[in-house]
Amino acid sequence: MAVDASGVYWMTTSGIYTCPLTGCPAAGPTVITSSVAGGSKELRVQDSSVYWLVPGSGTDGVIYRIAKP
């Protein structure tokens, strides 16, 4: 889970989601992406992007970035 001035962000095995700090609307959270590989971790947010890590073997891994909605 990550939080910034624009909202709360969380990751599940089926995607990354966000809601405003005031709470999720009746329609539910906003889906940022539904393309999250198993084992993804380290969710982070910055001004305009959301980042997460897909670990590899040893010290390998891939950092992904997507724009905030």
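**Talking through the model**

Trainee: Which residues does Asp 4 touch, not counting residues up to four places away in sequence?

Mentor: First off, this is a predicted model: local features need pLDDT of at least 70, side-chain atom pairs count only at pLDDT 80 or more, and totals for chains, interfaces and linings use all residues. Residues are numbered from 1 along each chain as its sequence is written, and side-chain values use heavy atoms, with hydrogens and water left out. Contact means heavy atoms within 4.5 Å. With residues up to four places away left out, Asp 4 touches Tyr 9, Leu 21, Val 45, Gln 46 and Lys 68.

Trainee: Is Asp 4 buried or exposed?

Mentor: Asp 4 sits in strand β1, residues 2–4; strands (E, at least two residues) and helices (H or I, at least four) are DSSP runs numbered from the N terminus. Buried means under 20% relative accessible area, exposed over 50%, and partly exposed in between, with a 1.4 Å probe and protein chains only. Asp 4 has a relative accessible area of 18%, so it counts as buried.

Trainee: What lies on each side of β3?

Mentor: As a rule, side chains in a regular strand alternate between the two faces of the sheet. In β3 (residues 15–19), 5 of its 5 residues are buried, with Gly 15 at 0%. Both faces are covered: one side has Gly 15, Tyr 17 and Cys 19, and the other has Ile 16 and Thr 18.

Trainee: How many bridges join β3 to β4?

Mentor: Two strands pair if DSSP finds at least two bridges between them. On the β2 side, 5 bridges join β2 (residues 7–12) to β3, running antiparallel, and those two form a hairpin with 2 residues between them. Towards β4 (residues 30–33), Ile 16 has Thr 33 as its bridge partner. That pairing is antiparallel as well, and its bridges number 3.

Trainee: How far is the C-alpha atom of Gly 15 from that of Val 36?

Mentor: Leaving aside neighbours within four places in sequence, Gly 15 is in contact with Trp 10, Thr 33, Ser 34 and Val 36. Gly 15 and Val 36 are 21 residues apart along the chain, yet their C-alpha atoms are separated by 5.4 Å.

Trainee: What is the handedness of the disulfide between Cys 19 and Cys 24?

Mentor: A disulfide is a pair of cysteine sulfur atoms within 2.5 Å, and here the Cys 19 and Cys 24 sulfurs are 1.7 Å apart. Cys 19 is buried at 5%, while Cys 24 is partly exposed at 40%. The torsion about their S-S bond is about 95 degrees, so the disulfide is right-handed.
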